[in-house]
Amino acid sequence: MKFTQFPRRQYLKGNTPLEAMPRLSVALGGDINLFVKRDDLLPGAAGGNKTRKLEFCIADALANNADCIVTCGAIQSNHCRLTLSWSNVEQLDCHLILEERVSGTYDKNASGNHFLYDVLGAKSKTIVDAGTDMVAAMETKASELRAEGKSPYIIPGGASNAIGAMGYAVCAEEIMGQLNEMQLNIEHLIVPSGSAGTHSGMVVGMLGCSGNVDISGINVSKKKQPQEANVLKLAIETAEKLEIHKEVTANDIVCFDEYVGEGYSVATDSMIEAVEMFAQHESILLDPVYSGKAAAGLIDLVRKGHFPSGSNVLFLHTGGSPVLFQYMDSFRH
Ligand SMILES: Cc1ncc(COP(=O)(O)O)c(C=O)c1O
């Protein structure tokens with residue numbers, strides 16, 4: 001895939017590890033061989049998946065002569081933390097619009113990413129109610145900045161547009177390179193599916209390099225059908241941008257919505273079990289909102305016999321562990 005035709009910053013310092021999870025595999029019966037792609041170890045303050053997308057989005061901002069960034073997310077957004085982190089590196093001011101998606105959960109003294117927004121020095125934080133039109137809210141902020149003589153660049157929530165999703169097409173190519181080097185065949189890949197850029201980019205990337213790996217997304221908020229539609233739409237846009245001459249179809253997109261629980265960011269028993277299993281068997285810290293629920297899906301699918309016996313299954317760890325510190329009560333038994 002020809003990524004060089006697009007502006008791109010080089011935030012990655014080589015490949016993230018792709019490693020076996022032998023103890024977790026045994027704990028789940030030993031019939032399935034589990035592997036993990038450690039995108040939680042990507043560079044950028046406290047790591048996580050957005051760095052791959054921001055290589056393209058922030059490069060696009062700089063190519064458009066932006067002098068500040070406006071973006072949005074939930075009040076504990078990993079995307080906002082990492083956009084702020086890379087804005088600092090590029091010496092761009094970063095303005096955050098933060099949605100209180102579960103009413104009553106905003107606490108100005110919160111831990112986790114919210115605390116890190118202050119440490120990293122967000123230029124402004126605007127807290128808005130659940131259901132606010134986030135695109136309009138970012139546009140309002142950008143207009144205010146323009147009126148002050150600034151040149152803002154808006155990065156959408158999760159950096160999930162065709163520019164950002166290319167970062168996960170890069171990741172697919174990286175994974176295939178690693179598998180070839182390790183002489184390892186992976187049949188299934190599990191990814192968290194939120195604002196959809198990670199899932200879409202991975203589908204497009206696997207298509208672009210003929211990876212022949214089944215990809216399943218584990219939803220973190222939406223129902224199956226609307227999420228599959230979102231992922232498909234973004235995958236088609238990303239494939240067009242990358243000029244991939246293979247059609248992305250609805251058959252390429254599979255989402256599971258059984259692990260969301262009561263809603264986005266609301267703790268579930270299966271998430272707590274998954275976070276503890278990864279920590280206690282593999283010393284890997286997940287997060288309660290994305291990778292923890294995705295891992296709950298992985299564990300349940302293994303237990304249910306969803307994967308044929310002897311399969312090699314790869315889990316994409318997208319990071320987010322700072323948010324664990326906002327959920328300490330959920331883990332006190
Ligand atoms: C830690 C973590 N994992 C997974 C995701 C989901 O990725 P995407 O929004 O690209 O679907 C996010 C999104 O914010 C995240 O912060």
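How are α3 and α4 oriented relative to each other, roughly parallel or roughly perpendicular? In this predicted model, the axes of α3 and helix α4 (residues 112-120) cross at roughly 15 degrees. Angles under 35 degrees count as roughly parallel. The two helices, α3 and α4, are therefore roughly parallel to each other. Their axes come within 9 Å. The crossing of α3 past α4 is left-handed. On the α3 side, the contact is made by N78, C80, R81, L84 and N88. On the α4 side, N113, L116, Y117 and L120 take part. By class, the residues of this contact of α3 with α4 comprise five nonpolar, three polar and one charged.

Helix α2 (residues 50-63) meets helix α6 (residues 162-182), with axes that come within 6 Å. Here the crossing angle is roughly 140 degrees. That angle makes α2 oblique to α6. The crossing of α2 past α6 is right-handed. From α2, the contact draws on R52, K53, F56, C57 and D60. From α6, it draws on I163, G164, M166, G167, Y168, V170, C171 and E174. Seven of the residues in the contact of α2 with α6 are nonpolar, two are polar and four are charged.

Aromatic side chains were considered next. Four aromatic pairs are found in a search of the whole structure. One of them joins Y11 and W86. Their ring centres lie 3.9 Å apart, and 10 degrees separate the planes. This pair is stacked. Y11 sits in the segment before β1 (18-20), whereas W86 belongs to helix α3 (residues 78-89). The pair so ties together parts that are 75 residues apart in sequence. Y11 and W86 are both buried.

Another pair involves F278 and F315. The centres of their rings are 5.4 Å apart. Their planes stand at 55 degrees, so the pair is tilted. F278 is part of helix α9 (residues 269-282). F315 is part of strand β10 (residues 312-317). The pair so ties together parts that are 37 residues apart in sequence. Buried means under 20% relative accessible area. F278 has a relative accessibility of 0% and therefore counts as buried. F315 is also buried, with a relative accessible area of 0%.

Key. Residues are numbered from 1 along each chain as its sequence is written. This is a predicted model: local features need pLDDT of at least 70, side-chain atom pairs count only at pLDDT 80 or more; totals for chains, interfaces and linings use all residues. Side-chain values use heavy atoms; hydrogens and water are left out. Axes are lines fitted to C-alpha atoms, for helices over the stretch in contact, and angles run from 0 to 180 degrees between N-to-C directions. Helices (H or I, at least four residues) and strands (E, at least two) are DSSP runs, numbered from the N terminus. Angles under 35 degrees count as roughly parallel, over 145 as roughly antiparallel, 65 to 115 as roughly perpendicular and the rest as oblique. A crossing is left-handed if the near helix is turned anticlockwise from the far one by less than a right angle, and right-handed if clockwise. Contact means heavy atoms within 4.5 Å. Ala, Val, Leu, Ile, Met, Phe, Trp, Tyr, Cys and Pro count as nonpolar, Asp, Glu, Lys and Arg as charged, and the others, Gly among them, as polar. Rings of Phe, Tyr and Trp (its six-membered ring) pair if their centres lie within 6.5 Å; planes under 30 degrees apart count as stacked, over 60 as edge-to-face and the rest as tilted. Buried means under 20% relative accessible area, exposed over 50%, partly exposed in between (1.4 Å probe, protein chains only).
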